Amino acid sequence: MTTKKFLLNEQDIPQAWYNVIADMPVKPQPMIHPATHKPITAEDLYPLFSRAASDQEVNYTDRFIEIPEEVRELYRIWRPTPLVRAEGLERALDTPAHIYFKNESVSPVGSHKLNSAIAQAYYCKSEGITNITTETGAGQWGAALSLAAKHFGLELAVYMVKISYEQKPYRRSIMQTYGAEVIASPSMSTKAGRKVITDHPNYSGSLGTAISEAVELAMTTPNCKYVLGSVLNHVALHQTVIGLEAEKQMEMAGEMPDTVIACFGGGSNFSGLAFPFLRHNLVNGANIRFIAAEPESCPKLTRGEFQYDFGDETGYTPLIPMYTLGHNFAPANIHAGGLRYHGGGAIVSQLMHDGLIDAVDIPQLETFKAATMFARSEGIIPAPESSHAIAAAVREALRAKEEGKKKVILFNLSGHGLIDMTAYDRYFSNDLSNYTVSDEEIAAGTSQLEKLL
């Protein structure tokens, strides 16, 4: 196992988040109203989100945005997180590559999601909001927001994708322990949920459906706001504490990454690690490669279409410019529930469109093979989502071995898998399989998109 860690002090916690849009040569297209096709303003978002999050969502100019002191004070509970040289994994792969990982699994809820949950709950409380709603895929976001909501005295309802509600009962228990109400989605509690159940009685759920239900509840409940855990610009902004810390830690290690990798569902942890390092390419002319690792069964970046689409299944949200498989796409029931989302965030999608980042899609069995190797060499059992990043890092390390080149690889360990052991049990029992999406399935989802880009 590895013993080489690079640790920062509390005073090294960033004082401001990094807004990559300010440095992008081509800015993301704005969200637009689905009826008028006019750009969405911050004021248009106020009924749904906190004012602060809405303002951050459309901020295309400020490179750094101050982190409120109360948020930084709560970050001190677990931040700064360690940067670790994965020497055990390097030996297992017999690679000349140097592999580092940012260990976000040390947070109280075991993942990176708390970075944005605390910020958004703080803003809602500051604005006098009493109730919030959200969705969750695998449960990491729901767990994080449940803790943040309890700290700030907010009532929280979480719509959890039904397949994860059934596959991951302990994540549901975590949310309930913190006091949140957890509803399996699709449910009979909303019009959106009832329509899905009526049309597809055995539907196992999707993040798009869960978002529809959470948005509907927020819009019909007094003094309630919707809080999102990925995809949108302000969520990516809050997560950049990961990469800003990692910059300092890589300096301590005396190296700069050649390749930066993170798993990809909607973009929160990828953005958090990658964007501060991408600044070196955009501003200083560096040549770091960025890889978003997504499931083969939900390949929006690698096989989707760059077009405006809804962020939810029902069509409650504004239209977002994104790489998408279509908002009605029904992903396979893989165990990486947090990555089962039909589209990517606007910033990441624009960067992908402009060739500034890369993406790979990885079969489920390869991710568990890599996760098992990582656990046995580094001592940490990773979440199924994070295992996509590990698998991509393994690919890059083996490529370095084939080429006989030293390469510095940095990936984000976005969360641990200690409450995902049912998935590991199924893997060891040879009860998991790969899911490959057909061209026909993708065409069926993307053919219904309005061609606005």
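1. The model is a predicted one, in which local features need pLDDT of at least 70 and side-chain atom pairs count only at pLDDT 80 or more, while totals for chains, interfaces and linings use all residues. Residues are numbered from 1 along each chain as its sequence is written, and side-chain values use heavy atoms, with hydrogens and water left out.

2. Helices (H or I, at least four residues) and strands (E, at least two) are taken as DSSP runs and numbered from the N terminus, and two strands pair if DSSP finds at least two bridges between them. On that basis, seven strands make up an open sheet of mixed pairing, in the order S1-S4-S5-S15-S10-S11-S14. Because strand S1 (5-6) and strand S14 (358-362) stand at the edges with a single partner strand each, one side of each has no neighbour in the sheet.

3. Within this sheet, strand S10 (residues 259-263) and strand S11 (residues 289-295) run parallel and are joined by five bridges. Ala262 has Ala292 in S11 as its bridge partner. Strands of a sheet pair, in general, through backbone hydrogen bonds, and they do so either parallel or antiparallel.

4. Helix H16 (residues 364-378) lies across strand S5 (98-103), S14 and strand S15 (408-413), and runs at about 95 degrees to S14. Axes here are lines fitted to C-alpha atoms, for helices over the stretch in contact, and angles run from 0 to 180 degrees between N-to-C directions; contact means heavy atoms within 4.5 Å.

5. Helix H12 (residues 241-253) packs with helix H13 (residues 268-284) at an angle of about 60 degrees, their axes being 6 Å apart. The two helices, H12 and H13, are therefore oblique to each other (angles under 35 degrees count as roughly parallel, over 145 as roughly antiparallel, 65 to 115 as roughly perpendicular and the rest as oblique). The contact is made by Ile242, Gly243, Leu244, Ala246, Glu247 and Met250 of H12 together with Gly272, Leu273, Pro276, Phe277, Arg279 and His280 of H13. These residues divide into seven nonpolar, three polar and two charged, where Ala, Val, Leu, Ile, Met, Phe, Trp, Tyr, Cys and Pro count as nonpolar, Asp, Glu, Lys and Arg as charged, and the others, Gly among them, as polar.

6. The axes of helix H5 (residues 114-126) and helix H6 (residues 140-151) come within 8 Å and cross at roughly 40 degrees, so H5 and H6 are oblique to each other. In this contact, Leu114, Ser116, Ala117, Ile118, Gln120 and Ala121 of H5 meet Trp141, Ala144, Leu145, Leu147, Ala148 and Ala149 of H6, and the residues divide into 10 nonpolar, two polar and no charged.

7. Rings of Phe, Tyr and Trp (its six-membered ring) pair if their centres lie within 6.5 Å, with planes under 30 degrees apart counted as stacked, over 60 as edge-to-face and the rest as tilted. By this rule there are 15 aromatic pairs, among them the tilted pair of Phe306 and Tyr323, at 5.1 Å centre to centre and 35 degrees between the planes. This pair links distant parts of the chain, since Phe306 is in strand S12 (residues 305-310) and Tyr323 in strand S13 (residues 319-324), 17 residues apart.

8. Most peptide bonds are trans, and most residues other than glycine have a negative phi. The peptide bond from Arg79 to Pro80, however, is cis, with omega near 0 degrees, and Pro80 lies in the loop between helix H3 (69-75) and strand S4 (83-85). Ser185 and Pro186 are likewise joined by a cis peptide bond, with omega about 10 degrees. His37, which is not a glycine, has a positive phi of about 60 degrees.
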